[in-house]
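Please study the sequence and the model shown here. The briefing that follows treats disulfides, a helix, a surface patch and the confidence of the prediction in turn.

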Amino acid sequence: MASARRCTTMATNKLIMFVVMLVVLQRVRSDDSPCDFPAIFNLGDSYSDTGAFPALFPAVQPPYGRTFFGMPAGRQSDGRLTIDFMAQSLGLRYLNAYLDSLGSNFTQGANFASAAGTIRRVNGSLWTSGYSPISLDVQIWQFQQFINRSQFVYNNIGGVYREILPKPEHLVSKALYTFDIGANDLAMGYLDNMTTEQVEAYVPDLMERLASAIQTVYDLGGRYFWVHNTGTLGCLPYALAYRPDLATEKDSAGCSVALNAGPRFFNARLKETVARLRVALPEAAFTYVDVYTAMYRLMSEAKKIGFGDPLRVCCGYGGGEYNFDKDIGCGVKVEVNGTVMEGKSCEAPSRSVSWDGVHLTEAAYKFIFDQIVEGALSDPPVPLRRACQTKGQ
């Protein structure tokens, strides 16, 4: 009798262990599975703009786009951007700009980023300020309009629109929302001869505005957020050329210590802001992505990983230390006393980090993508494909 009970107990224990193992394996399998995002909606500046700025203002000219597209394609680079590689890695099409009315397809998302875009609105027009009127709040308004209009058109007009607009069930709650903005807000202060302390003083306001934008997307149903911090302003030739007084103290990579102090302060506050949003919005999944570290790694190890001088502009004019002239930019021709001066591309953009002194080459953006896609520089450290699985972390 006792023997029978022992056999029964052992069988029961084995069954319990088997069930536990099934549950664990199911959880592991679930945790490892991709999120299958049906769409990406991106908000940002020129580091992720795929055509908004050229749709509003004079379009970029050759040799922009030469490496991948073979012609200008709305991007401030010789080819693809980090956002392009992100979309591709998720099996999605490259994002069309919301403002680009010709040939666009929004079935798998839309891009609201604008070159020269900022978190805060700027005073004055593009011609007086040098910055885009498509600030973050305007991008949010555009997103709201896109959601409302596309749902109405898809459901009530149909036809060809169902081939170029996202399905309503894919529109909001299942999509990935990417934010890559803030660099121009910092640059604006520095280029206006502010000190780092003065730039840092308005960063809390930037955080409030960014948090408000994310809250708006959340209120509309967005749940998955992938937030890039800002890059190494002090390693960009244009910033070094415009503020030589702040470029006197350089680190081992040749970057300005002072001009990188503002981005580091911004990034620390951004990480805190994302942490607060996790608490305030527990149903959302937030991933904070350290692009600054990826970009600085590129700058400091450029020659070791196959690039040339990271501070020398590929598409520029003037030679010198940076091959950068603020009056003769990439693709620009200027005639002086009968002599035509032109910002031309270098022969091998794939070996350059800086494309035009402000933006990077496709090869540089690909390097940054490779650094961040698997989550090594993210908080929490999850791959892009699993960014939906960070709720409460």
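**Briefing on the predicted model**

The link of C235 and C255 is right-handed, with 110° about the S-S bond. C235 lies in the loop between strand 4 (224–228) and helix 9, and C255 in the loop between helix 9 and helix 10, so this pair ties together parts that are 20 residues apart in sequence. Helices (H or I, at least four residues) and strands (E, at least two) are DSSP runs, numbered from the N terminus. This is a predicted model, in which local features need pLDDT of at least 70 and side-chain atom pairs count only at pLDDT 80 or more, while totals for chains, interfaces and linings use all residues. Residues are numbered from 1 along each chain as its sequence is written, and side-chain values use heavy atoms, with hydrogens and water left out.

**Disulfides**

- A disulfide is a covalent bond between the sulfur atoms of two cysteines; here the term is applied to a pair of cysteine sulfur atoms within 2.5 Å.
- Between C235 and C255 the S to S distance is 2.0 Å.
- C235 is buried, with a relative accessible area of 0%, and C255 also counts as buried, at 0% relative accessibility. Buried means under 20% relative accessible area, exposed over 50%, and partly exposed in between (1.4 Å probe, protein chains only).
- C314 is joined to C346 by a disulfide, S to S 2.0 Å. C314 lies in the loop between helix 11 (291–300) and strand 6 (333–336), and C346 in the loop between strand 7 (339–342) and helix 12 (362–372), so the pair ties together parts that are 32 residues apart in sequence.
- The disulfide of C314 and C346 is left-handed because the torsion about its S-S bond is about -90°. C314 is buried, with a relative accessible area of 2%, whereas C346 is partly exposed at 22% relative accessibility.
- Another disulfide joins C315 to C330 (S to S 2.0 Å). C315 and C330 both lie in the loop between helix 11 and strand 6, so this pair ties together parts that are 15 residues apart in sequence.
- The torsion about the S-S bond of C315 and C330 is about 85°, so this disulfide is right-handed. Both cysteines, C315 and C330, are buried.

**Helix 6**

- Helix 6 (residues 183–191) is mostly covered, with seven of its nine residues buried. These are A183, N184, D185, L186, A187, G189 and Y190.
- The cover over the buried residues of helix 6 includes helix 7 (196–201), helix 8 (203–219), helix 9 (237–242) and helix 10 (257–280).
- After helix 6 comes N193, which has a positive phi, near 65°.

**Surface patch**

- A nonpolar patch on the surface is formed by F152, I157, V160 and Y161, which together have about 390 Å² of accessible area.
- I157 is placed in the loop between helix 5 (136–156) and strand 3 (176–180).

**Confidence**

- The mean pLDDT of the chain is 92, and 92% of its residues reach 70 or more. The pLDDT is the predictor's confidence in each residue, from 0 to 100.
- Over residues 18–30 pLDDT stays under 50, and the model has one contact (heavy atoms within 4.5 Å) beyond four places in sequence for them.
- Where pLDDT is low, the predicted coordinates should not be read in detail.

Definitions and conventions: Patches are made of residues with over 30% relative accessible area and no salt bridge: like charges are joined within 9 Å, nonpolar side chains (Val, Leu, Ile, Met, Phe, Trp, Tyr) within 5 Å. Accessible areas come from the Shrake-Rupley method with a 1.4 Å probe; for residues, only the protein chains shown count as cover. A salt bridge is a side-chain nitrogen of Lys or Arg within 4 Å of a carboxyl oxygen of Asp or Glu.
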